[in-house]
Amino acid sequence: MCGIFGIHGHDEAANIAYLGLHALQHRGQESAGVVAGDRSLRRHVGMGLVSDVFDQKTLGRLPGAAAIGHVRYSTAGSSELRNAQPFLFDYAGGSVAIAHNGNLVNAEELRTRLEAAGSIFQTTSDTEVIVHLMAKVPEFDPVQRLLSALKQVRGAYSLVVLADDRLIGVRDPNGFRPLVIGRLKDGYVLSSETSAFDLIEAEYIRDVEPGELVVVDGGGLRSFRLQTPDDAPTHFCVFEHVYFARPDSLVNGKSVYRAREKMGMRLAEEQPAEADVVIPVPDSGVPSAIGYAKQSGIPFELGLIRSHYVGRTFIEPQDSIRHFGVRLKLSPVRSVVDGKRVVVVDDSLVRGTTSRKIVKMLRAAGAREVHLRISAPPTTNPCYYGIDTPTRSELVAASHSLEEIVRYVTCDSLGYLTHEGMMAAVGAGAAPDGTGCGAGYCSACFTGNYPVPLGKVGSGDLVKLRRDRV
C-alpha cells in the first residue's frame, strides 16, 4: 500500500513531511524517504521505519519550502534500497522527484518498450516507468510532461511530484488509491490520509478527484484533468475501509472508524454466535468488534493485547518474519478468555496463518470455544492495483472450503461478512454494470471482477487548465 505526502509553502517543509510520514507509517514499513528543496532538490531515503531513517541531522540537510515523502511496502519491485522512494532524477527538463502509491498494470509492457528504445532503468519499481515516459515528451513544462506520460499508463496511481518549484498531486481516472488536499497556514499539503493533517494541524479541504492533477506553486492551487468519458466509473479500493487506512482518517469522504463499526454490526446480524465475550484482533479489528458487541449484546473485552513495538504482520514482506511477528505482536489476556466462549473479530483472513496462531494462543489461555468472525468477505482473488496478494495460492479462501478453513485455523466456527453487507457499511449501492462490485468501489479481491483490464495501455487526452476553487 505505501503512503505519500507532499507540502508546499512552509519554511520547514522537510520536518513537516517527516511528521506526515509518521502518521502514515501504517501504510508501509520497508523504507522511508523525503525529497525537499526549491529549485534545487535534495534526497534522503533509507530502509526501515521513519524514526530509523531520519534524525535532526539528516532533516537539517533537506532545506527548502517544498517537500514530498514516501513510506513503502513493495508490490512491484524488490525490497531493497534502490527501490526506496521518493525517486529523484535529472533530465533535460530539470530535476523531478516522484512518490507513488498504487500499481501500474501495464508497467512491464511499457518498460520493455522503453528499454528497446534505449532507456536505462535504475530500479525495479514500476514508478520509474513514469519518469522515463516524461523524459521522452518534447514539452518543456513538467506538468505537461507528466500529463502526457500518464496518458500511456494504466492501473492504480496516486502520485506526489516535485518539479520546477511546484508540488503536483494526481490520482488515476478510476480513483483506486486515496489522496487528499489540506491547507497549512499559507501553504498546501497532500497526503494519502487525513490522519497526517491531524498531526500537523492542517485543515482538510477535499479529496483529489479521480483523474485530477493539482499543481501548487506561488500562485496557489490549480487543477488539470485527464479527459475521460463523463460517465467514467470510479473504483475506490474498499480494502482501505476494511484494513489499510487508520480508523481516525477520512477516506473517500467517509469515516473509516464508522464504516468498520457498521461492518461489525452487520456481521453480528449475518453471523451470530452463542458466546460470553467479544474480543478484537487489534488494532484494525477493534471498531468492527465494537459494532459486533453492540449489535449482539455480548460484552466487549480486550482479550488480546498488542505490542506496538511490532509492525503490521499483513505487510511484512517475508513469510518467516510474518509468522514470527504474530507471537511478538499479540498476547492473550487469560483473565478475559479463561473458561469463556469467545468471539474473535478480525478485519480480514488472507493467508490464514495469523488466525491459526491466534486461535491456538486463546485456547492455550483457557478459552473454552473460539468463534472466528471476519468483517469482510472471503479474499479469493489477487489484487493488481497495489495490495500485496500477488497469487491465488497465498489466499486460503481461494482454494479451500469454509469447513477446510475451520479445520486449518482450528476454530469452533467461522463466519464472514457478505459482500452486500460490506458494501452497505461503506454506503455503496449496487453497481450499474451488474458486476456486483458496488457503485464507486473496487472489490476485485473479493469478487474477481477487475474494473481495469490488465496489461493494456490506457488512453486519454489533456484538457485545458482551469483555476481550482478551494
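Biologist: Which strand does E9 (residues 180–184) pair with, and in what sense?

Modeller: E9 pairs with E10 in the antiparallel sense, over five bridges. Two strands count as paired if DSSP finds at least two bridges between them. Strands (E, at least two residues) and helices (H or I, at least four) are DSSP runs, numbered from the N terminus. Bear in mind that this is a predicted model, where local features need pLDDT of at least 70, side-chain atom pairs count only at pLDDT 80 or more, and totals for chains, interfaces and linings use all residues. Residues are numbered from 1 along each chain as its sequence is written, and side-chain values use heavy atoms, with hydrogens and water left out.

Biologist: OK, and which residue stands opposite Leu 190 in E10?

Modeller: Ile 181 does. In the hairpin of E9 and E10, two residues lie between the strands, and Lys 185 takes a positive phi near 55 degrees.

Biologist: What about E1 (residues 3–8), how many bridges join that strand to E10?

Modeller: Four, and E1 and E10 run antiparallel. Phe 5 has Ser 191 in E10 as its bridge partner.

Biologist: Is E10 (residues 187–191) mostly covered or exposed?

Modeller: Mostly covered, with five of its five residues buried. Buried means under 20% relative accessible area, exposed over 50%, and partly exposed in between (1.4 Å probe, protein chains only). Gly 187, Val 189 and Ser 191 point one way, while Tyr 188 and Leu 190 point the other way.

Biologist: Switching to helices: at what angle do the axes of H5 and H6 cross?

Modeller: Roughly 120 degrees, and the axes of H5 (residues 128–135) and H6 (residues 142–150) come within 8 Å. Axes here are lines fitted to C-alpha atoms, for helices over the stretch in contact, and angles run from 0 to 180 degrees between N-to-C directions.

Biologist: Which residues meet there?

Modeller: From H5, Ile 130, Leu 133, Met 134 and Ala 135; from H6, Pro 142, Arg 145, Leu 146, Ala 149 and Leu 150. Contact means heavy atoms within 4.5 Å.

Biologist: Now the loop between H10 (286–296) and E18 (304–306): why does Glu 301 count as partly exposed?

Modeller: Because its relative accessibility is 38%.

Biologist: What is Glu 301 in contact with?

Modeller: Leaving aside neighbours within four places in sequence, Glu 301 is in contact with Val 277, Val 278, Ile 279, Pro 280 and Val 336. Glu 301 and Ile 279 are 5.3 Å apart, C-alpha to C-alpha, and 22 residues apart in sequence.

Biologist: And how much of the whole chain is buried?

Modeller: 59% of the 470 residues count as buried.
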